[in-house]
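Follow along in the structure as I look things up.

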Amino acid sequence: KELTAKNLKSALWETLRAVKEGKMEPGQADSIASQAREILRTTNTQLRVAQQSKRPVATDVIQFAEN
């Protein structure tokens, strides 16, 4: 699966459901959430750099957000 904002959101919801149902340990879910935060921080940094340098937003960032 391609990494998109929609897929990331779905993965996080699936993780939350798995913890609630006792199918996943909270520590494992925390690791998944931590990775998601890093992905979002990186994307946010890319957006800020593009804005500050007056450059267009990278195609991969747009694809991540829109797909």
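I began with Arg-41, which lies in helix 2; helices here are DSSP runs of H or I with at least four residues, numbered from the N terminus. The model is predicted, so local features need pLDDT of at least 70 and side-chain atom pairs count only at pLDDT 80 or more, while totals for chains, interfaces and linings use all residues. Residues are numbered from 1 along each chain as its sequence is written, and side-chain values use heavy atoms, with hydrogens and water left out.

I then looked from Arg-41 to Phe-64: they are 23 residues apart in sequence and 13 Å apart in space, C-alpha to C-alpha.

Next I looked up Thr-43, also found in helix 2, which covers residues 26-52. Thr-43 counts as buried because its relative accessibility is 13%. Its side chain reaches the backbone oxygen of Ile-39 at 2.9 Å. Leaving aside residues up to four places away in sequence, I noted that Thr-43 touches Val-61 and Phe-64, where contact means heavy atoms within 4.5 Å.

Which residues of helix 2 are buried? I listed Ala-29, Ala-36, Thr-43 and Ala-50. Their cover includes helix 1 (5-20) and helix 3 (59-66).

I also checked the length of helix 2. With 27 residues at 1.5 Å a residue, helix 2 should span 39 Å, and its end C-alpha atoms are 38 Å apart, which agrees; the expected span is 1.5 Å times one less than the number of residues. Just after helix 2, I saw that Lys-54 takes a positive phi of about 60°.

Then I turned to helix 3, where Ile-62 is found. Ile-62 is partly exposed because its relative accessible area is 36%.

My last stop was Lys-6, whose place is in helix 1. Lys-6 counts as exposed, since its relative accessibility is 61%. How far apart are Lys-6 and Ala-65 in sequence and in space? I noted 59 residues in sequence and 7.8 Å in space, C-alpha to C-alpha.

Key
Helix = DSSP H or I, 4+ residues; strand = E, 2+ residues; numbered from the N terminus. Buried < 20%, exposed > 50% of the residue type's maximum accessible area, 1.4 Å probe, protein only. Polar contact = N/O pair within 3.5 Å; in protein donor to acceptor, adjacent residues only side chain to side chain.
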